[in-house]
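User: Let's talk through the aromatic rings in this one. Can you take me through them step by step?

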Amino acid sequence: DGQCGLCHMAFPQTQTPAWQAWSPQVFEQARREKKLVMLDVVAEWCQACKKMDLTSYRDPRVLELIRHRYIPVRADVDRVAEIKQRYGAYGVPAVVIFDGEGTEIIRRRGYLPSEWLHWMLVAVSDNPDPGAHR
């Protein structure tokens with residue numbers, strides 16, 4: 001077990017999502033595997049991003065859900081031009097979920113505690129209609 005240096009919360013030493021790079025191939029993979037794409041928009045300087053890595057993305061329930069229903073993608077807003085153009089003004093951290101065709105279903109910015117992230121991932125995978133999440 002370890003402790004988050006930012007919030008002093010205890011967290012178990014578990015795996016983290018198997019992040020992939022932002023690319024058209026992730027959408028092909030999502031269609032093939034009948035999954036959604038979960039984009040984690042981060043920045044090196046972002047303390048809330050680091051906190052999510054140490055807490056929300058280590059929650060076994062979140063990890064299990066991502067493994068079975070999502071293609072986890074991570075992009076640094078300062079290093080990926082397309083992400084900077086699309087989400088730079090939105091803020092980090094941000095979680096954006098897409099279907100396999102690249103249609104944005106939902107986006108949320110700011111630190112998401114594991115309970116909220118889990119709830120959102122369940123809600124979107126159970127009903128991926130973008131109109132249900134506006």
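**Rings and their neighbours**

Analyst: F27 has 10% relative accessibility, so it counts as buried (buried is under 20% relative accessible area, exposed over 50%, partly exposed in between, with a 1.4 Å probe and protein chains only). Quick ground rules: this is a predicted model, where local features need pLDDT of at least 70, side-chain atom pairs count only at pLDDT 80 or more, and totals for chains, interfaces and linings use all residues. Residues are numbered from 1 along each chain as its sequence is written, and side-chain values use heavy atoms, leaving out hydrogens and water.

User: Which ring forms an edge-to-face pair with F27 at 5.6 Å centre to centre?

Analyst: Rings of Phe, Tyr and Trp (its six-membered ring) pair if their centres lie within 6.5 Å; planes under 30 degrees apart are stacked, over 60 edge-to-face, and the rest tilted. With 5.6 Å between centres and 90° between planes, F27's edge-to-face partner is F98.

User: How many residues apart are F27 and F98?

Analyst: Helices (H or I, at least four residues) and strands (E, at least two) are DSSP runs, numbered from the N terminus. F27 is in helix α1 (residues 24-33) and F98 in strand β5 (residues 94-98), so the pair links distant parts of the chain. The separation is 71 residues.

User: Is W22 buried or exposed?

Analyst: W22 belongs to one aromatic cluster with F27 and F98. Its relative accessibility is 14%, so W22 counts as buried.
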